[in-house]
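Please look over the model shown here.

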Amino acid sequence: NRMDGTQNRLPRCVGTSLNCMNGIMLDWGSAEEGLDHSYNIVTGKKEHCLQACKFQSIQASSSSNTYPSSNTLKKRKDFCLIVNKIRKICQDPFRKIVFEKKYLGKFSCLTFERQSATPCWVSDGVLHEEDSVLEEAILTYARENMAIIKVFLRDPYYTQIARDVKTSRLQFLGTAGGLMGLCMGFSIVSIIELFYHFVRLIVSLIDKN
């Protein structure tokens with residue numbers, strides 16, 4: 001839902017359609033899509049967001065790594081999250097049947113009720129007892145059903161392009177002189193000659209009068 005409580009119309013990006021995030025990120029700041037406000041974790045207030053640049057370029061790239069690791073999973077908080085998730089599945093009789101049928105011969109709901117797993121729901125979630133059966137069951141379930149996705153956003157930026165459409169007087173004279181010299185053989189000497197003959201013409205007309 002949006003921050004104002006209304007229903008969100010944005011598409012859900014799942015699986016191979018994760019590229020739809022490109023379109024959503026370009027809509028940041030759009031009031032029509034409900035993306036014009038966000039929660040500021042520094043001030044603790046809901047603040048207005050600026051509209052994304054119309055020509056902003058956002059490229060999505062992805063990388064992957066093996067998850068989970070058999071060496072670190074039991075020390076992560078994910079371990080207890082999986083235990084509690086499976087215990088919740090097993091509380092539903094229909095989901096329990098499907099779950100135990102899928103993992104028949106590997107583990108069952110009783111595997112996650114073992115004494116070694118009790119810290120996950122009765123204390124701080126830190127396992128103090130080694131249990132290879134429970135750890136293997138969690139590892140198998142996590143490899144088949146879980147993934148961790150982390151989204152990193154670069155700082156927004158834009159490219160400013162300045163166009164100079166004005167021509168100074170000096171540039172105009174240089175351009176005009178160059179074209180005239182190229183096309184007509186015109187030069188500064190030609191200007192002096194024209195001025196000289198113009199003056200002589202004026203003087204001769206005055207003398208006649």
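Valine 126 is partly exposed, at a relative accessible area of 42%. Here buried means under 20% relative accessible area, exposed means over 50%, and partly exposed lies in between (1.4 Å probe, protein chains only). Valine 126 sits in the loop between α4 and α5. Its C-alpha atom is separated by 8.5 Å from that of cysteine 80, and the two residues are 46 residues apart along the chain.

This is a predicted model, in which local features need pLDDT of at least 70 and side-chain atom pairs count only at pLDDT 80 or more, while totals for chains, interfaces and linings use all residues. Residues are numbered from 1 along each chain as its sequence is written, and side-chain values use heavy atoms, with hydrogens and water left out.

**Overall make-up**

The protein has seven helices and two strands. Helices (H or I, at least four residues) and strands (E, at least two) are DSSP runs, numbered from the N terminus. The order from the N terminus is α-β-β-α-α-α-α-α-α. Of the 209 residues in the protein, 22% are buried. The protein exposes about 17400 Å², with 57% of it supplied by carbon and sulfur atoms. Those areas come from the Shrake-Rupley method with a 1.4 Å probe; for residues, only the protein chains shown count as cover. Among contacts with a separation of 6 or more, 52% are between residues 24 or more positions apart. A contact means heavy atoms within 4.5 Å.

**Salt bridges**

Side chains of opposite charge can pair when their charged atoms come close. The structure holds six salt bridges. Each is a side-chain nitrogen of Lys or Arg within 4 Å of a carboxyl oxygen of Asp or Glu.

| Pair | N to O distance |
|---|---|
| Arginine 76 and aspartate 78 | 3.3 Å |
| Glutamate 113 and arginine 87 | 3.1 Å |
| Arginine 114 and aspartate 131 | 2.7 Å |

How exposed are the partners? Arginine 76 is partly exposed at 39%, whereas aspartate 78 is buried at 10%.

Glutamate 113 and arginine 87 meet in a salt bridge. This pair links distant parts of the chain, 26 residues apart: glutamate 113 is in the loop between α3 (93–102) and α4 (119–122), and arginine 87 is in helix α2 (residues 78–90). Glutamate 113 is partly exposed, with a relative accessible area of 40%. Arginine 87 counts as buried, at 18%.

Arginine 114 and aspartate 131 form another salt bridge. They also link distant parts of the chain, 17 residues apart, with arginine 114 in the loop between α3 and α4 and aspartate 131 in the loop between α4 and α5 (132–145). Arginine 114 is partly exposed at 32%. Aspartate 131 is buried at 9%. Elsewhere, salt bridges that share partners join Lys74, Glu130 and Glu135 into one network.

**Cavity**

How many cavities of 30 Å³ or more are there? The count comes to one. A cavity is a set of points, on a 1 Å grid over the protein atoms alone, where a 1.4 Å probe fits but cannot get out; lining residues have an atom within 4 Å of a point. Grid points are joined across faces, edges and corners, and a volume is the space filled by probe spheres set on the points. The largest cavity has a volume of about 30 Å³. Its lining includes Phe79, Leu127, Asp131 and Glu135. The lining residues divide into three nonpolar, one polar and four charged. Nonpolar covers Ala, Val, Leu, Ile, Met, Phe, Trp, Tyr, Cys and Pro; charged covers Asp, Glu, Lys and Arg; the others, Gly among them, are polar.

Definitions and conventions: 1 Å grid on protein atoms, 1.4 Å probe; cavity = no way out; pocket = protein on both sides within 12 Å on 5 of 7 lines; lining within 4 Å.
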